[in-house]
Amino acid sequence: MKQSKVIAIIRGIETSKASPLFEALAEGGIRFAEVTLNTPNALQIIHEMRGKYDGRMAVGAGTVLNAKMAGEAVQAGAQFLISPNVDQGMIEAGLKQGVLPLPGAMTPTEIVQAVQAGAPMVKLFPCSSLGPGYVKELGGPLGEVDILAVGGIHKDNAASYIEAGAVGVGVGGSLISLRELQQGNYASITKYAEQLLAAVNHT
């Protein structure tokens, strides 16, 4: 994940769009994609895409709020679990199943709580409200913590988060435009993925 630097966040898509979307992302070089559990038929999508893209792309679950949701996601085939919050049950469920838990935190207290609960990496969320400067400031006291920056990330600001000390970024709406999806413009998504990866890898 640290090598890839980008996780695609897939939220609210139609089930029929999943396969061509994953193909567009894979062609663009994306190696990690999460399907948020508040997406209709999320578990079905995770299960099918895990089977289809095993070896090419790691498929995870997002918006995993508790241990029950974590268990369901792992059973469906999720290879990592991401949440907007710090929930000890979710973290423990992931670790017990050998699946990477990535809890979401905003404050230093929450970040430390997540690490103490066993999280090997923490999602800093929402970054759009905090900016790269906040990531850099956290690096003083919490430089040993691997931070994934999420929220309001796009190809023009992603590199600034990596430069500030984040090991990776989670990118949703700017990468996976629902308008482009509706129009079937998957080539545009592939191109954006390529530009995004080029940006974060030239830091």
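Predicted model: local features only at pLDDT ≥ 70, side-chain atom pairs only at ≥ 80, totals over all residues.

Biologist: Which residues of helix 2 and helix 3 meet?

Modeller: Leu43, Ile46 and His47 in helix 2 meet Glu72, Ala73 and Ala76 in helix 3. By class, this contact comprises 4 nonpolar, 1 polar and 1 charged residues.

Biologist: Why is helix 1 called largely enclosed?

Modeller: A residue is buried when its relative accessible area is under 20%. In helix 1 (residues 18-27), 7 of the 10 residues are buried, so the helix is largely enclosed by the rest of the structure. The buried residues are Ala18, Ser19, Leu21, Phe22, Ala24, Leu25 and Ala26.

Biologist: What do the buried residues of helix 1 pack against?

Modeller: They pack against strand 1 (6-10), strand 2 (32-36), helix 2, strand 3 (58-62), helix 8 (178-182) and helix 9 (186-200). Helix 1 is followed by Gly29, which has a positive phi near 100 degrees.

Biologist: Which residues touch the most other members of the largest nonpolar core?

Modeller: That core has 67 residues, and those with the most contacts to other members are Leu21, Phe22, Leu25, Leu81, Ile111, Val169 and Leu175. Helix 9 supplies the largest share of this core, 7 residues. Leaving aside neighbours within four places in sequence, Leu21 is in contact with Ile10, Ile13, Ile176, Leu181, Tyr186 and Ile189. Apart from this core lies another, of 11 residues, among them Phe32, Ala58, Met121 and Val167.

Biologist: How many aromatic pairs does a search of the whole structure find?

Modeller: The search finds 2 aromatic pairs. In one of them, Phe32 and Phe80 are 5.9 Å apart, centre to centre, with 55 degrees between the planes.

Biologist: How do you know that the charged end of Lys123 sits over the ring of Phe125?

Modeller: The definition requires NZ of Lys to be within 6 Å of the ring centre and within 35 degrees of the ring normal. The charged end of Lys123 is 4.7 Å from the centre of the Phe125 ring and is assigned as sitting over that ring.

Biologist: What makes the peptide bond from Phe125 to Pro126 cis?

Modeller: Its omega is near 0 degrees. Pro126 is in the loop between strand 7 (122-124) and helix 6 (132-142).

Biologist: Why is Asn41 called partly exposed, and why is Thr63 called buried?

Modeller: Asn41 is at 44% relative accessibility, so it counts as partly exposed. Thr63 is at 16%, so it counts as buried. Asn41 lies in the loop between strand 2 and helix 2, and its phi is positive, near 60 degrees. Thr63, in the loop between strand 3 and helix 3, has a positive phi of about 55 degrees although it is not a glycine.

Conventions
Residues numbered from 1 in each chain as written. Heavy atoms only, no water. Contact = heavy atoms within 4.5 Å. Helix = DSSP H or I, 4+ residues; strand = E, 2+ residues; numbered from the N terminus. Nonpolar A, V, L, I, M, F, W, Y, C, P; charged D, E, K, R; others polar. Buried < 20%, exposed > 50% of the residue type's maximum accessible area, 1.4 Å probe, protein only. Phe/Tyr/Trp six-rings, centres within 6.5 Å; stacked < 30°, edge-to-face > 60°. Core = buried A, V, L, I, M, F, W, Y, C linked by side-chain atoms within 4.5 Å.
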